[in-house]
Amino acid sequence: MALVSAKEMLEKARDGKYAVGQFNINNLEWTKSILQTAQELNAPVILGVSEGAGKYMTGFKTVADMVKAMIEELKITVPVALHLDHGTYDGCYKCIKAGFSSIMFDGSHLPIEENIAKTKELVAVTKQLGMSLEAEVGAIGGEEDGVVGKGECADPDECKKIADLGVTMLAAGIGNIHGKYPANWEGLSFETLAAVKAKVGDMPLVLHGGTGIPTDMIKKAISLGVAKINVNTECQLAFQAATRKYIEAGKDLQGKGFDPRKLLADGCAAIKETVKEKMEIFGCIGKA
């Protein structure tokens with residue numbers, strides 16, 4: 001199955017009151033693990049790629065070609081969108097050229113009028129190519145590729161201005177953050193989320209920073225219009241813990257070193273389990 005825009009899967013999620021998971025990929029092993037899990041659970045999935053991860057994997061074309069080949073070789077039949085996560089203006093055009101099926105333009109740090117102008121341009125380009133486009137209003141807290149946000153709550157009126165441009169989905173800051181949530185985190189602002197929903201209508205909403213948000217908050221967010229939830233840190237932590245355990249067990253090849261395929265196997269299994277747990281919470285299993 002070829003890569004698809006995220007538009008149809010998110011509209012189905014919105015109407016069905018569940019959410020599609022975006023799981024960020026950082027290498028071949030992560031990509032394989034996430035695709036296999038989505039196929040096994042018959043769930044649609046979005047593969048997120050940050051600009052840092054794209055650079056690490058030698059470029060967006062390498063990423064797109066790898067994902068397309070893997071879908072073919074693994075005989076993946078569930079809908080898969082390849083999505084640029086928190087993209088710059090230039091990064092968006094690089095991913096369009098590389099063959100991504102979805103992009104996020106993060107203009108949340110720009111003055112609202114500049115955010116609107118650049119988003120409007122990208123709306124026209126992506127619609128012509130049949131791609132989906134995510135925009136953001138209100139910076140998401142934490143750090144993403146060196147950009148630090150404080151977990152701002154978006155202005156609902158600004159959200160409406162961006163939504164009215166014709167984007168596919170909107171990420172509105174509601175107190176969520178990237179990375180691990182601190183002990184004194186105040187939780188999601190459902191008042192803000194409800195106000196945004198009232199302004200943007202049927203626009204599928206996106207919740208970034210899905211790691212560590214309590215299940216009841218996630219389900220409430222879905223009931224208020226969230227149709228896409230991003231997860232990255234939780235997979236990183238699971239992969240790290242499982243891989244470290246393997247190394248600490250001293251499972252090398254009689255002093256010759258570690259077999260990298262065996263070394264990464266436990267980490268990949270941990271990613272699969274994390275993706276499954278999240279998909280169960282999001283309610284997207286069996287929705288492909």
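Lys17 sits in the loop that runs between helix 1 (7-16) and strand 1 (20-24). In this predicted model, Lys17 has a positive phi of about 60°, although it is not a glycine. Is Lys17 buried or exposed? With a relative accessible area of 52%, Lys17 is exposed, because the cut-off for that class is over 50%.

Another residue with a positive phi can be found at Asn42. Its phi is near 55°, and Asn42 too is a residue other than glycine. You will find Asn42 in the loop between helix 2 and strand 2 (45-50). Here the relative accessible area is 35%, so Asn42 counts as partly exposed.

What does Ser33 touch, leaving aside residues up to four places away in sequence? The answer is Cys268, Ile271 and Lys272.

Helix 2 also meets helix 4. The axes of these two helices come within 11 Å and cross at roughly 40°. That angle makes helix 2 oblique to helix 4, and the crossing is right-handed. On the helix 2 side, the contact is made by Leu28, Thr31, Lys32 and Leu35, while helix 4 brings Met66, Val67, Met70 and Ile71. What kinds of residues make up this contact of helix 2 with helix 4? They divide into six nonpolar, one polar and one charged.

Now follow helix 4 to its contact with another helix. Helix 4 (residues 60-73) packs against helix 5 (residues 89-98) at an angle of about 40°, and their axes are 9 Å apart. Helix 4 and helix 5 are therefore oblique to each other, and helix 4 passes helix 5 in a right-handed crossing. The residues that build this contact are Phe60, Lys61, Ala64 and Lys68 from helix 4, together with Gly91, Lys94, Cys95 and Ala98 from helix 5. In the contact of helix 4 with helix 5, the residues divide into four nonpolar, one polar and three charged.

The next stop is Thr119, in helix 6 (residues 112-129). At 1% relative accessibility, Thr119 counts as buried, because buried means under 20%. Which residues does Thr119 touch, if those up to four places away in sequence are not counted? They are Phe105, Leu133, Ala135, Ile162, Leu165 and Val167. The side chain of Thr119 also has a polar atom that lies 2.7 Å from the backbone oxygen of Asn115.

Our walk ends at Gly225. This glycine lies in the loop between helix 9 (215-223) and strand 10 (226-231). Is Gly225 buried or exposed? Its relative accessibility is 5%, so Gly225 counts as buried. Not counting residues up to four places away in sequence, Gly225 touches Lys197, Met203, Pro204 and Leu205.

Terms used:
Residues are numbered from 1 along each chain as its sequence is written. This is a predicted model: local features need pLDDT of at least 70, side-chain atom pairs count only at pLDDT 80 or more; totals for chains, interfaces and linings use all residues. Side-chain values use heavy atoms; hydrogens and water are left out. Helices (H or I, at least four residues) and strands (E, at least two) are DSSP runs, numbered from the N terminus. Buried means under 20% relative accessible area, exposed over 50%, partly exposed in between (1.4 Å probe, protein chains only). Contact means heavy atoms within 4.5 Å. Axes are lines fitted to C-alpha atoms, for helices over the stretch in contact, and angles run from 0 to 180 degrees between N-to-C directions. Angles under 35 degrees count as roughly parallel, over 145 as roughly antiparallel, 65 to 115 as roughly perpendicular and the rest as oblique. A crossing is left-handed if the near helix is turned anticlockwise from the far one by less than a right angle, and right-handed if clockwise. Ala, Val, Leu, Ile, Met, Phe, Trp, Tyr, Cys and Pro count as nonpolar, Asp, Glu, Lys and Arg as charged, and the others, Gly among them, as polar. A polar contact is a pair of N or O atoms within 3.5 Å; within protein, one must be able to donate a hydrogen and the other to accept it, and residues adjacent in sequence count only if both atoms are side-chain atoms.
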